[in-house]
Amino acid sequence: MANLFTATAPFLSLSKPFTKTASYHQCYASSSNPPEPESSSPPPPPPPPQPLASQQKRKKNVETTDWVASSLTRRFGIGAGLAWAGFLAFGVISEQIKTRIEVSQEVANTRDVEEEKEIVLPNGIRYYDQRVGGGATPRAGDLVVIDLKGQVQGTGQVFVDTFGTKDKKKMKPLALVVGSKPYSKGLCEGIDYVLRSMKAGGKRRVIVPPSLGFGVDGAELESGLQIPPNASLEYIVEIDRVSIAPA
């Protein structure tokens, strides 16, 4: 029996040591330390804000009729774009036709007065229609172009005259906004009042009392002429055109 143990001893000593436990500990150690995650790259910076000027320009372009036409062309074909262009052209032509119709109606409805009749207003103004206009009636805020001749009643001193000529050139008509003050170039409150009962194309002789003229103090006009105190004024006024005043 002693020989049996003696014989097996070299066999045990020559065999390789069992390394399963060491391998197991190595695997467990490696698995207990997970690999570090890869570093992620930083996100790209946001795009710079679009300049305000370019945004306004782009917005303006969107609001143009060209954009409308191009959008219609892209969506519905070239026929829609041509139809839009035709619509705009029709609007322009219609406005021109409307203006010509209004002018023709004004001419057709304008008539000369055979016999002048005196009209006396409650504020003391007296007028005599020489031609009844057929156009538009001026309202407060309208732009009115008139020819005007004014003189001091009794003396015949002319202080404004756009009907006549100066150095062989016809003077330019006067333009005024109805209801605007102060008055200039020989205009007065009485003329502003009278214009509101006339029509484009009309012509009227007007006698303005001192209270609606230049009053008890008179006036010195831009031309250097003096209007005496308490002067009654006699005008010839003709309305050439009535239109909406520009904003």
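Which residues does tyrosine 235 touch, not counting residues up to four places away in sequence? They are Leu148, Lys149, Gly150, Phe159, Gly186, Cys188, Ile191, Arg204, Arg205, Val206, Val208 and Phe214, where a contact means heavy atoms within 4.5 Å.

Before going further, a word on the model. It is predicted, so local features need pLDDT of at least 70 and side-chain atom pairs count only at pLDDT 80 or more, while totals for chains, interfaces and linings use all residues. Residues are numbered from 1 along each chain as its sequence is written, and side-chain values use heavy atoms, leaving out hydrogens and water.

**The chain as a whole**

The secondary structure comprises six helices and twelve strands; helices (H or I, at least four residues) and strands (E, at least two) are DSSP runs, numbered from the N terminus. Of the 247 residues, 23% count as buried, and buried means under 20% relative accessible area, exposed over 50%, and partly exposed in between (1.4 Å probe, protein chains only). Among contacts between residues at least 6 apart in sequence, 64% join residues at least 24 apart.

**The core around Tyr235**

Tyr235 also belongs to the largest nonpolar core, which has 31 residues. Such a core is a set of buried Ala, Val, Leu, Ile, Met, Phe, Trp, Tyr and Cys residues joined through side-chain atoms within 4.5 Å. Ile146, Leu148, Ile227, Leu233 and Tyr235 touch the most other members. Two or more residues each come from strand E4 (142-152), strand E5 (158-161), strand E8 (174-177), helix H6 (189-195), strand E9 (203-208) and strand E12 (233-244). E12 gives the largest share, five residues. In soluble globular proteins, nonpolar side chains tend to be buried together.

Valine 206, one of the contacts of Tyr235, sits in strand E9. Valine 206 counts as buried because its relative accessible area is 0%.

**A pocket and its lining**

The second largest pocket holds about 260 Å³ of space. Its lining has 14 residues, and Phe159, Val160, Met171, Lys185 and Ser223 lie nearest its centre. E5 supplies the largest share of this lining, three residues. By type, the lining divides into six nonpolar, three polar and five charged residues.

Methionine 171 is in the loop between strand E7 (169-170) and E8. Its C-alpha atom is separated by 9.1 Å from that of aspartate 147, 24 residues away along the chain.

**Backbone points to check**

Most residues other than glycine have a negative phi, and most peptide bonds are trans. Against that background, the peptide bond from lysine 181 to proline 182 is cis, with omega near 0°. Proline 182 is in the loop between E8 and H6, and lysine 185 lies in the loop between E8 and H6 too. Lysine 185 has a positive phi of about 55°, and asparagine 230 has a positive phi near 55°. Asparagine 230 lies in the loop between strand E11 (226-227) and E12.

| Residue | Relative accessible area | Class |
|---|---|---|
| Methionine 171 | 33% | partly exposed |
| Lysine 185 | 53% | exposed |
| Asparagine 230 | 48% | partly exposed |

Conventions: On a 1 Å grid over the protein atoms alone, a cavity is a set of points where a 1.4 Å probe fits but cannot get out, and a pocket is an open set with protein on both sides within 12 Å along at least five of seven lines; lining residues have an atom within 4 Å of a point. Grid points are joined across faces, edges and corners, and a volume is the space filled by probe spheres set on the points. Ala, Val, Leu, Ile, Met, Phe, Trp, Tyr, Cys and Pro count as nonpolar, Asp, Glu, Lys and Arg as charged, and the others, Gly among them, as polar.
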